[in-house]
Amino acid sequence: MRRAVRRRVADLNLDAFEKDELTFYLNATYTTEWGADLSPLSARTVDEGKEYGCTGEDAFLPDGYDQAAAHLARNLTVDVGVVVRRVALRRGGVLVDTNAGPIRARAVVVTVPLGVLKREGIEFVPGLPRLHERAIHPWVLVC
Ligand SMILES: Cc1cc2nc3c(=O)[nH]c(=O)nc-3n(C[C@H](O)[C@H](O)[C@H](O)COP(=O)(O)OP(=O)(O)OC[C@H]3O[C@@H](n4cnc5c(N)ncnc54)[C@H](O)[C@@H]3O)c2cc1C
């Protein structure tokens, strides 16, 4: 793909702005869609739109990516609609306060979006380590 693009672009005499635009377009349209740099992609296959198969459906993982999540969660109990308000370390584990009552656990993995941490949507007791705080609030001086 990269070779095909280079060959075509060489004749076009693009200025710097147009080159930037083209790079943006190629990234947005091909690199992110195919999950790969242009070099290993085949211009012929990409051109034929084979990522969607002949039916227009996903060809890489027919029936959708949620199969991966379903497989990983097959032996887990998943509660939805439970809002965590506080995560507190306790001897031998963690106490999690939620809108559905407290949950005790040996450990907690926090995967909420950064925005939730920025607006301190969850209270951590004790507070998060300084390095984490600095990553969440890079412009705030943590004393
Ligand atoms: C419109 C749109 C289209 C997208 N399209 C694509 C795509 O085509 N391909 C792709 O790869 N990516 C896509 N993305 C990006 C992708 O959705 C995210 O990168 C991905 O979902 C991030 O996963 P995450 O687990 O980090 O966060 P999230 O999926 O945001 O999960 C965080 C979870 O934490 C929960 N949460 C927040 N606060 C609390 C709390 N206090 N207590 C309990 N739970 C809480 C939230 O409810 C949420 O369920 C898209 C995103 C958007 C917005």
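## Strands β1 and β4

Strand β1 and strand β4 (residues 123-125) run parallel and are joined by 3 bridges, where two strands are said to pair if DSSP finds at least two bridges between them. Strands here are DSSP runs of E with at least two residues, helices are runs of H or I with at least four residues, and both are numbered from the N terminus. Within this pairing, Val87 stands opposite Phe124 in β4, and Ala88 has Val125 of β4 as its bridge partner.

The model is a predicted one, in which local features need pLDDT of at least 70 and side-chain atom pairs count only at pLDDT 80 or more, whereas totals for chains, interfaces and linings use all residues. Residues are numbered from 1 along each chain, as its sequence is written.

## The rest of the sheet

On β1 there is also an antiparallel pairing, in which 6 bridges join β1 (residues 84-90) to β2 (residues 93-98), and here Val84 stands opposite Thr98 in β2. The two strands form a hairpin with 2 residues between them, and in this hairpin Gly92 takes a positive phi near 75°. Strand β2 pairs in turn with β3 in the antiparallel sense, over 5 bridges, and Thr98 has Gly101 as its bridge partner in β3. Strands β2 and β3 likewise form a hairpin, with 2 residues between them.

Which order do the strands of the open sheet take? The 4 strands follow the order β3-β2-β1-β4, and their pairing is mixed. Because β3 (101-105) and β4 stand at the edges with a single partner strand each, one side of each is left without a neighbour in the sheet. Neighbouring strands of this sheet are turned by 15° against each other on average, direction ignored; such angles are taken between axes that are lines fitted to C-alpha atoms, for helices over the stretch in contact, and they run from 0 to 180 degrees between N-to-C directions.

## The chain as a whole, and how open it is

The chain has 6 helices and 4 strands, and read along the sequence they follow the pattern α-α-α-α-β-β-β-α-β-α. Of its 143 residues, 1% count as buried. A residue is called buried if 20 or more other C-beta atoms lie within 10 Å of its own, exposed if 12 or fewer do, and partly exposed in between, with the C-beta atoms placed from the backbone. In β3, the number of buried residues among its 5 is 0, so this strand lies largely in the open.

## Helix α2

Helix α2 (residues 16-34) has 19 residues and reaches 26 Å from its first C-alpha to its last, which is close to the expected 27 Å; the expected span is 1.5 Å times one less than the number of residues. At Asn27 the helix α2 bends by about 35°, where the bend is the angle between axes fitted to the seven residues ending at a residue and the seven starting there. Of the 19 residues of α2 the number buried is 0, so the helix lies largely in the open. Gly35, which follows α2, has a positive phi near 70°.

Asn13 is found in the loop between α1 (2-10) and α2, and its phi is positive, about 50°, although Asn13 is not a glycine. Asn13 counts as exposed because it has 7 C-beta neighbours inside 10 Å. Glu120, in the loop between α5 (114-118) and β4, is another residue other than glycine with a positive phi, near 55°. With 10 other C-beta atoms within 10 Å, Glu120 is exposed.

A cis peptide bond, with omega about -5°, joins Val125 and Pro126, and Pro126 has its place in the loop between β4 and α6 (130-136). Helix α6 contains Ile136, which counts as partly exposed with 16 C-beta neighbours inside 10 Å. The C-alpha atoms of Ile136 and Lys118 are separated by 5.9 Å, although these residues are 18 apart along the chain.

## Around the ligand

Which residues are around the ligand? They are Val83, Val84, Thr111, Val112, Pro113, Val116, Gly121 and Ile122, where a residue is near a molecule or strand if its C-beta atom, placed from the backbone, lies within 6 Å of it. By class, this shell has 6 nonpolar, 2 polar and no charged residues. Ala, Val, Leu, Ile, Met, Phe, Trp, Tyr, Cys and Pro count as nonpolar, Asp, Glu, Lys and Arg as charged, and the others, Gly among them, as polar.
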